[in-house]
Amino acid sequence: MVRLARLLTTKATARALLSLVLGVIGIVAVAAVAGAAEPKPWELGLQPSATPVKERLSAFHDELLIIITLITLFVLSLLVYVIWRFNERRNPVPSRTSHNTVIEMLWTVVPVLILVIIAIPSFKLMYYMDRVPNSEMTIKVTGHQWYWSYEYPDQGGLAFDSNVIPDAELKPGQKRLLDVDNPLVVPADTVIRVLVTGTDVIHSWFIPSFGVQEYAIVGRLNESWMKIEHEGTYYGQCNQICGVNHAFMPIKVEAVSKDSFQRWLVDAKKKFARRDDGTATVRVAAVPDPPDARLAPAGN
């Protein structure tokens with residue numbers, strides 16, 4: 001009976017270890033498939049890095065993951081040891097010890113040292129994100145309820161609005177709640193200063209692949225920067241709850257080659273040319289009139 005019990009215990013342990021290994025392999029596989037410059041169903045992990053800032057953020061994230069994993073395993077080992085060593089059968093007469101100077105010093109000093117180790121690269125990263133290097137161009141982003149406006153101060157004030165494409169108007173291949181009528185177009189491999197402000201409530205211009213999240217606040221001009229290393233299309237969203245249509249403020253950025261960007265500028269200056277009174281040709285209301293207002297008889 002004893003041998004049979006040991007055999008069953010061994011098989012149960014083997015099955016548990018096998019399940020754990022398969023689970024880890026499955027998570028890693030799903031995370032590898034989920035990598036993209038846009039959100040994916042069942043996505044795990046971070047979106048792939050497209051800027052130097054995001055590369056450093058991802059590296060710092062991985063470092064913290066290692067540290068917290070080691071701490072978790074250490075605490076788990078202590079718990080398992082205590083359960084095994086000081087259970088009632090092995091330790092029928094419990095110790096009355098209430099203080100241990102060495103242990104109390106260790107569990108105070110060691111966490112402080114760990115926090116210091118984490119703080120040093122954290123402060124360096126914050127300084128790197130905050131300090132804009134010598135920029136080659138500037139983009140101004142303005143948040144409204146509920147759409148974005150983009151302006152190119154270096155290009156004679158070229159400006160336009162960017163609205164979400166309604167579900168009924170989506171074309172094949174366009175992404176629901178992510179595609180817009182006028183995306184932000186920028187050149188790749190270019191240091192870009194991003195100025196962010198708002199006109200009503202607080203919004204947040206957030207693109208995961210860039211590692212950029214900057215608040216759009218009325219009366220303030222916040223600053224960030226990005227250098228997109230790869231051409232492509234990148235998506236983001238406002239991640240500051242800003243009202244009833246908060247979910248309909250997507251961000252779409254198209255990073256193109258410098259030559260393609262110059263060609264786009266020629267067409268964009270014609271498309272978004274300003275009238276003589278200084279107003280832009282593109283200024284679309286983000287929210288249509290309510291149904292009651294459309295049905296009300298004239299004169300009321």
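Aspartate 167 and arginine 176 pair up in a salt bridge, with 3.0 Å between their closest N and O atoms. For the term itself, a side-chain nitrogen of Lys or Arg has to sit within 4 Å of a carboxyl oxygen of Asp or Glu. This is a predicted model, so local features need pLDDT of at least 70 and side-chain atom pairs pLDDT 80 or more, while totals for chains, interfaces and linings use all residues. Residues are numbered from 1 along each chain as its sequence is written, and side-chain values use heavy atoms, leaving out hydrogens and water.

**Salt bridges**

Searching the whole structure turns up 8 salt bridges.

| Pair | Distance |
|---|---|
| Aspartate 167 and arginine 176 | 3.0 Å |
| Lysine 227 and aspartate 189 | 3.7 Å |
| Glutamate 254 and lysine 252 | 3.8 Å |

How covered are these side chains? On the scale used here, buried is under 20% relative accessible area, exposed is over 50%, and partly exposed lies in between (1.4 Å probe, protein chains only). Aspartate 167 is partly exposed at 44%, whereas arginine 176 counts as exposed at 53%.

Now for lysine 227 and aspartate 189, whose side chains meet in a salt bridge. Lysine 227 belongs to strand β8 and aspartate 189 to the loop between β4 (184-187) and β5 (191-198), so this pair ties together parts that are 38 residues apart in sequence. Strands and helices here are DSSP runs numbered from the N terminus (E, at least two residues, for strands; H or I, at least four, for helices). Both partners are partly exposed: lysine 227 has a relative accessible area of 26%, and aspartate 189 has 46%.

In the glutamate 254 and lysine 252 salt bridge, glutamate 254 is partly exposed at 24%, but lysine 252 is buried at 11%.

Which strands make up the open sheet? There are 5, in the order β3-β2-β1-β5-β8, with mixed pairing. The edges belong to β3 (158-162) and β8 (222-227), each with a single partner strand, so one side of each has no neighbour in the sheet. From one strand to the next, the twist averages 25 degrees. Pairing is called when DSSP finds at least two bridges between two strands.

Strands β1 (residues 137-144) and β2 (residues 147-152) run antiparallel and are joined by 5 bridges. Valine 141 is bridged to tyrosine 150 of β2, and histidine 144 to tyrosine 147. A hairpin with 2 residues links β1 to β2.

On to β3: β2 pairs with β3 in the antiparallel sense, again over 5 bridges. Glutamate 151 has alanine 159 of β3 as its bridge partner. The hairpin of β2 and β3 has 5 residues between the strands, and glycine 156 there takes a positive phi near 70 degrees. As for cover, 5 of the 6 residues of β2 are buried.

Helix α4 (residues 258-271) packs on the sheet and touches β1, β2 and β3.

**A nonpolar patch**

Over in helix α2 (residues 52-85) sits leucine 78, partly exposed with a relative accessible area of 42%. Together with Ile71, Phe74, Val75, Leu79 and Ile83, Leu78 forms a nonpolar surface patch with about 570 Å² of accessible area. Such areas come from the Shrake-Rupley method with a 1.4 Å probe, and for residues only the protein chains shown count as cover. Patch members need over 30% relative accessible area and no salt bridge; nonpolar side chains (Val, Leu, Ile, Met, Phe, Trp, Tyr) are joined within 5 Å, like charges within 9 Å.

Key:
Axes fitted to C-alpha atoms, helices over the stretch in contact; angles between N-to-C directions. Contact = heavy atoms within 4.5 Å.
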